[in-house]
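Welcome, and thanks for taking a look at this one with me.

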Amino acid sequence: MVEQCYRSSTKHHRKGFYVSMKLFRTRNGKPDKPFVFRYFKWLLWFSLSFYFFARFLSNHQPSTNSLKTAIITRSQSHVVSRALSESTIQHHPINNRGLLKDLKVYVYELPAKYNSDWLSNERCSNHLFASEVAIHRALMESDVRTFDPSEADFFFVPVYVSCNFSTVNGFPAIGHARSLLSSAVDYVSSELPFWKRSNGSDHVFVASHDYGACFHAMEDRAIADGIPDFMKNSIILQTFGVKYLHPCQNVENIVIPPYISPENVQSTLSKSPIDGRRDIFVFFRGKMEVHPKNVSGRFYSKRVRTEILRKYGNDRRFYLKRHRFAGYQSEIVRSVFCLCPLGWAPWSPRLVESVALGCVPVIIADGIRLPFESAVPWPEISLMVAEKDVAKLGGILDHVAATNLSAIQRNLWDHKLRRALLFHDAMEIGDATWEVLVALSEKLGRSHRRKSRLSSE
């Protein structure tokens, strides 16, 4: 029989304990200690020390993942130089083998002029087009990222084109977008073979602007310019989406939400809980032109916002404000219904803010295609009102309030929906970047790696 005894050696004023092994005793009751057992504690100490030392060495040796990229020549090596240094970074692992079909994404390491240089302006990572920054950051720290391009299903091209803010009105000026993206494509196609191998079909870009990869805020100009030829074969992550044919979505695309800071949302909810008192019946704050035809001869919002102001500007149930207010999220969280009319484009950041802050979004944009429709049950958490029915808006909302408002709010206040529409710097399961990857996993037919695997089988 084996007994373990832990004794403190107080006699010699030493701290700690040792293990004394009592085995078979002799007839006179004294322990019989053969050589092995006599020095057992020293053998045990040596074995444990060797084990932990070997484990330390194995956990601290350099990663060899990036060494697999033997196809990279000396002239190409600087493209992945950061990958070699970053491959030892410890990330929070996410098991994507099942949920994301073992998806792997290679993130190009572009010169700073294409992305990080723009971050000198703090707005670059916080305005409504900033999903291009947020997705890049999340992928850089994600478990789906591979440092070996030969393992990749998709190739992410991180170019920030929305951070060139106008000195006149402060809005993003994207006139440089085409040339900057074209330059980036020239760079990656000259440094690595993967763009030319697929003609860009497994490459992913972000175009978080009014009309996506058409890169213009005015629809007629956007249509006239069209999507750049070099992007027409790629996958575009874009905020613009409609359910009818449109030249600016005539490309493989995934509709994503506009960027809203998750920190700002959390700050607002920490002061006003999502299920708290809502004393504003209908809310809208934003541009509403009394005379919608602007200097360019175009009608803003197809005159929908003007009609809302004319019809309900004096209606006490409608809280309508035309001027900016930095703390307007505090108004959304107090509101029952939040109007989300089209602007120049059909989509609006109010879609995300309304859902995130528990206000029922009232979407007024005919034919709009909403982000992540397979993950977000939009018909159960929002209302769709046709542009031609704006004059009936009051009666429609009164009817909903008297019938199924409670059911809509119960669905809307599910925290999973808020997570699905918000981008985080460190990707979370179920957040907006995660949903992008889920959508990409449904397009693995474009992956050269998967095609090669199938052909070899």
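Is C163 buried or exposed? With a relative accessible area of 4%, C163 is buried. Please bear in mind that the model is predicted, and that every value here is computed from it.

**Disulfides**

A disulfide is a covalent bond between the sulfur atoms of two cysteines. A search of the whole structure turns up 3 disulfides, and here they are side by side.

| Pair | S to S distance | Torsion about the S-S bond |
|---|---|---|
| C214 and C248 | 2.2 Å | -110 degrees |
| C338 and C359 | 2.1 Å | about 115 degrees |

Let us take the pairs in turn. C124 sits in the loop between β3 (105–107) and α4 (131–140), while C163 sits in the loop between β4 (154–156) and α5 (177–191), so the bond ties together parts that are 39 residues apart in sequence. C124 is buried, at a relative accessible area of 0%.

The link of C214 and C248 is left-handed, with -110 degrees about the S-S bond. Its two ends are in loops: C214 between β5 (203–207) and α7 (219–225), C248 between β6 (235–238) and β7 (252–255), so parts that are 34 residues apart in sequence are tied together. C214 is buried at 0% relative accessibility, and C248 is buried at 0% as well.

For C338 and C359, a torsion of about 115 degrees gives a right-handed disulfide. This pair links distant parts of the chain, 21 residues apart: C338 belongs to strand β10 (residues 335–341), and C359 to the loop between α11 (350–356) and β11 (360–364). C338 is buried at 2% relative accessibility, and C359 is buried at 0%.

Counting bonded cysteines along the chain, the pattern reads 1-2, 3-4, 5-6.

C340 is buried, at 2% relative accessibility.

**Salt bridges**

Side chains of opposite charge can pair when their charged atoms come close. How many salt bridges does the structure hold? There are 17 salt bridges, and a few of them are worth a visit.

One of them joins E252 to R446, with the closest N and O atoms 3.6 Å apart. E252 is in strand β7 and R446 in the loop between α16 (432–441) and α17 (448–456), so this pair ties together parts that are 194 residues apart in sequence. E252 is partly exposed, at 30% relative accessibility.

The side chains of D279 and R277 also meet in a salt bridge, at 3.6 Å from N to O. Here D279 is partly exposed, with a relative accessible area of 39%, whereas R277 is exposed at 69%.

Another salt bridge pairs D398 with R317, where the closest N and O atoms are 2.4 Å apart. D398 lies in helix α13 (residues 393–402) and R317 in the loop between α9 (304–312) and β9 (318–321), so 81 residues separate these distant parts of the chain. Both partners are partly exposed: D398 has a relative accessible area of 35%, and R317 has one of 29%.

Conventions: Residues are numbered from 1 along each chain as its sequence is written. This is a predicted model: local features need pLDDT of at least 70, side-chain atom pairs count only at pLDDT 80 or more; totals for chains, interfaces and linings use all residues. Side-chain values use heavy atoms; hydrogens and water are left out. A disulfide is a pair of cysteine sulfur atoms within 2.5 Å. Helices (H or I, at least four residues) and strands (E, at least two) are DSSP runs, numbered from the N terminus. Buried means under 20% relative accessible area, exposed over 50%, partly exposed in between (1.4 Å probe, protein chains only). A salt bridge is a side-chain nitrogen of Lys or Arg within 4 Å of a carboxyl oxygen of Asp or Glu.
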